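This report describes selected features of the structure shown below.

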Amino acid sequence: DVGLPDGYVAGVVCQTDTAHSVDMGDTVIHGGRFILKGKVGKPQRGTLMTNNLRLVDQNKWPVDSVRWTYTDIFLSDDTIYVDRNLHVTGGSIQADFNDLQAMGGENNADVWAFIGNHPKSVVSVYLANNMLKRGYNLTKAEIERLSEMITDVPADTSRLREFRQRIAYALKTIKGGTLVDMELKDVHGKVCGLTDVVPKNKYVLVDFWASWCGICLAAMPEIRQIADEHKDKFTVIGVSIDTKEAAWRGAMAKHPEPWAQYMTTPKGYKTLFDKYQVGNGVPYYLMIAPNGTVLGSPSRPADIKIMLGE
């Protein structure tokens, strides 16, 4: 009983491992209630949404009459209940997820504390896999700590297998470690390796981007400004993950930057997806020290400034 007017629509979407959302189903609220039935292959992080778009359309209400609600859930094959305050309960997985939200969210400290208190939880292995998805994001000690904390997840053996594989890859892409090579090609079509084209004796930012990534393109002017401010000690190289060369070249023409540009080959893209655990999750940045070690993976230009300042 959600206490919303009849005619509102309630639906659930779930986030897949590739970051795309999948519509799991929707229904119309009647008598303040709704029921959705189905099964999921494995527990999934998702969102319960309600809206009155149907009513607005039927009654020709003004656009400012549109109302939405968004409630985070962790969908499983347990019976899940939603109350009048849109608070979700039901099943051990949702109970664990509620514990995480009660701790304050998914910032770094909360995640580590939650995993420590729930080492066998589906939610813990989900959070751990997300932490491991971007190479050079964790130290060796942090990766080993995760491995020691999560050893068994009876309710989600597939995510546990994924976790163990990600741990193995992450140990090869640790903060302070050496740069894992990947195959690229330059603007002349010549095949080369990432480790061969990273300039020596300077701090280097490797900017992984794509023509379709608006965030990547929007960040480039700020990165150029940072490069100008620190040009004696800092430089940038760009690596596009576009799969079509024409798209890459078109984007470079529209957004010309003063640094060297490269594009992943199919083999290089696979390295990024597997060993770096990035896939198409750009922008992705790597900061490399003058001695060639990887300092880490800043999330945005502001973090690049901080790392250079330090």
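With a relative accessibility of 0%, cysteine 216 counts as buried, because it falls under the 20% limit. In this predicted model, cysteine 216 is joined to cysteine 213 by a disulfide, with 2.3 Å between the sulfur atoms. The structure holds one disulfide. Its torsion about the S-S bond is about 80 degrees, so the disulfide between cysteine 213 and cysteine 216 is right-handed. Cysteine 192, by contrast, is in no disulfide, and its nearest cysteine sulfur, that of cysteine 216, is 20 Å away.

| Residue | Relative accessibility | Class |
|---|---|---|
| Cysteine 14 | 3% | buried |
| Cysteine 192 | 17% | buried |
| Cysteine 213 | 5% | buried |
| Cysteine 216 | 0% | buried |

Glycine 189 is located in the loop that lies between β7 (183-186) and β8 (191-193). Glycine 189 has 42% relative accessibility and therefore counts as partly exposed.

Turning to the helices, the axes of α4 (residues 122-132) and α6 (residues 157-170) come within 10 Å and cross at roughly 30 degrees. Because this angle is under 35 degrees, α4 is roughly parallel to α6. The crossing of α4 and α6 is left-handed. On the α4 side, the contact is made by Val122, Val125, Tyr126, Ala128, Asn129 and Leu132; α6 contributes Arg159, Leu160, Glu162, Phe163, Arg166, Ile167 and Ala170. By class, the contact of α4 with α6 comprises nine nonpolar, one polar and three charged residues.

Key. Residues are numbered from 1 along each chain as its sequence is written. This is a predicted model: local features need pLDDT of at least 70, side-chain atom pairs count only at pLDDT 80 or more; totals for chains, interfaces and linings use all residues. Side-chain values use heavy atoms; hydrogens and water are left out. Axes are lines fitted to C-alpha atoms, for helices over the stretch in contact, and angles run from 0 to 180 degrees between N-to-C directions. Helices (H or I, at least four residues) and strands (E, at least two) are DSSP runs, numbered from the N terminus. Angles under 35 degrees count as roughly parallel, over 145 as roughly antiparallel, 65 to 115 as roughly perpendicular and the rest as oblique. A crossing is left-handed if the near helix is turned anticlockwise from the far one by less than a right angle, and right-handed if clockwise. Contact means heavy atoms within 4.5 Å. Ala, Val, Leu, Ile, Met, Phe, Trp, Tyr, Cys and Pro count as nonpolar, Asp, Glu, Lys and Arg as charged, and the others, Gly among them, as polar. Buried means under 20% relative accessible area, exposed over 50%, partly exposed in between (1.4 Å probe, protein chains only). A disulfide is a pair of cysteine sulfur atoms within 2.5 Å.
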